[in-house]
Amino acid sequence: MKKLFRPLVLGGILLLAVGLAPVMDTTPARAATVTDANLKQMLEDLLREHPEIVLDVLRSHSEDVLDIAQAGANARRKAALEAQWHKEVKNTPQKQISLSGRPVKGNAAAPVHIVAFSDFTCHYCQQATHVLDEIMKKYGKNVSLVYKHMPLDEQGPGMLAARYFVAVAAQSESKAWKFYDAMYADRDRLLLEGQKFVDEVCDKLGLDKDRLKKDAASDKTARIIAQDLDDAKKLKIDGTPCFLVNGLMVRGALSEPLFEAAVDIALEAAR
């Protein structure tokens, strides 16, 4: 896009310059043949006298301008994050968090472990699941995922889903991840229907209903979620989603290329 935009601007300027020619001074003293050698200086002189030309061109290609600006901002952010992560991977000790008893998606012996602090009712967490799915596909046996709960409303559907995720995992880790997929796939239904939706998903998974309800309400489940919230507090995580990629802090629903950069840095350091 950037390569295309520059000739567009120059072409637009030249066209507008032609249009302005009748109103410009054309006395012999100022007449000149345009050559490669003097083009730059002539354009600078023209724009100095008629700055409105640039504004006209920018207005005509406003979408291109915005695309270039956004691409520049993304590149700067990526560079800043990569510099931060390279520094962290060398100088930051491994963060100690509770992972015992949590279901693992992917290769448990993977060199890169992604730990997600998330909320089933969070829109940005829902967005991040799509990026995580692609990361898991791309890196295969080199990555694993553990889900830690950070429901922002301890009395709402986010906490309800968190309790049932832990309870489902007690019966089947693979079904826990299917429950995870279902919660995020129909987040709106979780928000609107709560227990009814959770029960419907659990019925489809073919779980022991009596044990499920007992486990969801148990002190053990409450302790697991409390540990997750305590870990988030210790790490000064104040919003969801947030991820640890072998200890590298990845905050927010980043784009796939940005998340890949964190995984690549962690993978390189692990080798």
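Which residues does Glu173 touch, not counting residues up to four places away in sequence? Glu173 touches Arg102, Pro103 and Val104, where contact means heavy atoms within 4.5 Å. The C-alpha atoms of Glu173 and Arg102 are separated by 8.6 Å, although these residues lie 71 residues apart along the chain.

The model is predicted, so local features need pLDDT of at least 70 and side-chain atom pairs count only at pLDDT 80 or more, while totals for chains, interfaces and linings use all residues. Residues are numbered from 1 along each chain as its sequence is written, and side-chain values use heavy atoms, with hydrogens and water left out.

Glu173 is found in helix 7. Helices are DSSP runs (H or I, at least four residues), numbered from the N terminus. Glu173 counts as partly exposed because its relative accessibility is 41%. Buried means under 20% relative accessible area, exposed over 50%, and partly exposed in between (1.4 Å probe, protein chains only). The buried residues of helix 7 include Trp177, Phe179 and Tyr180.

Phe179 also belongs to the largest nonpolar core, which has 53 residues. Phe179 and Phe259 have the most contacts inside this core. Helix 12 (residues 256-270) gives the most to it, with eight residues. A nonpolar core is a set of buried Ala, Val, Leu, Ile, Met, Phe, Trp, Tyr and Cys residues joined through side-chain atoms within 4.5 Å. Among the residues that Phe179 touches are Ala161, Phe165, Val198 and Leu205, not counting residues up to four places away in sequence.

Methods. Helices (H or I, at least four residues) and strands (E, at least two) are DSSP runs, numbered from the N terminus.
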